[in-house]
Amino acid sequence: TQRLDYFPRAEEELLDAVRNGDLAILAKPVREIKNPQRILDELTAGARLLVLDNVASGAHSNGLLALVGMELTGARIGRYADYGEIRDIPLTANASAIAGGEVLIRDEAGNAICATTRIGEGLLAVFSDPDLFFNRELGDVSANLTDKTKLLTDTEFKLLRALVESKPDSE
């Protein structure tokens, strides 16, 4: 992310992260999200949140997502997805489908893998294959790029730019 001039920091509470940055990212929550209505209030006022979650890790974000008509669901997921000009993004076995929202990334079976919804002045995005952006798939910062990690890096960078600039490209 620093290659994009984005400098991450960790917050103890999601509500603080949503209030204090250009884009808050919640990665694989381990319990139900606290204060979902207060988070929606911040989004309505202009905050942006990217939720990286899936059914395999508990879909703990579904309580928040339900408030805006979205949901992580189990489905037969294709092996690959496309995001605009970025083609054949290899998905993990833990990817989920997303119901609701505007689709940004769709797998070859037609399932939404990434979707967004505008909430007032803000934006909520959900990416349902969070493992793609962890070291196991993406590699660490000192690793040389392979064709796969270049593809994943391009996908991550395009998605982050779109969300920070609040102009996500649809499919």
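Student: Okay, which residue stands opposite Ile 105 in β8?

Tutor: That's Cys 114. Before we go on, this is a predicted model: local features need pLDDT of at least 70, side-chain atom pairs count only at pLDDT 80 or more, and totals for chains, interfaces and linings use all residues. Residues are numbered from 1 along each chain as its sequence is written, and side-chain values use heavy atoms, with hydrogens and water left out.

Student: How many bridges join β7 to β8, and do they run parallel or antiparallel?

Tutor: Four bridges, and β7 (residues 102-107) and β8 (residues 112-119) run antiparallel. Strands here are DSSP runs of E, at least two residues, and helices are runs of H or I, at least four residues, numbered from the N terminus. Two strands pair if DSSP finds at least two bridges between them.

Student: And what's the strand order in the sheet?

Tutor: β1-β2-β9-β8-β7-β4-β5, seven strands in an open sheet with mixed pairing. The edges are β1 (24-27) and β5 (86-90), each pairing on one side only. From one strand to the next the twist averages 20 degrees; angles run from 0 to 180 degrees between N-to-C directions, using lines fitted to C-alpha atoms, for helices over the stretch in contact.

Student: What's going on between β4 and β5?

Tutor: They form a hairpin with two residues between them, and Gly 84 in the turn has a positive phi of about 60 degrees. The two strands pair antiparallel over three bridges, and Ala 81 has Ile 89 in β5 as its bridge partner.

Student: Switching to helices: which strands does α2 touch?

Tutor: Helix α2 (residues 36-44) packs on the sheet against β2 (48-52), β8 and β9 (122-127), its direction making about 120 degrees with that of β9. Contact means heavy atoms within 4.5 Å.

Student: And α5, where does that lie?

Tutor: Helix α5 (residues 147-164) lies across β1, β2, β4 (80-83), β5, β7, β8 and β9, at about 115 degrees to β5.

Student: Is Val 164 in that helix buried or exposed?

Tutor: Val 164 is buried, because its relative accessibility is 17%. The cut-offs are under 20% relative accessible area for buried, over 50% for exposed and partly exposed in between, with a 1.4 Å probe and protein chains only. Its C-alpha sits 9.9 Å from that of Leu 50, 114 residues apart along the chain.

Student: Last one: what does Thr 117 touch?

Tutor: Not counting residues up to four places away in sequence, Thr 117 touches Val 68, Met 70, Gly 122, Leu 123 and Leu 124. Thr 117 is in β8 and is buried, at 18% relative accessible area.
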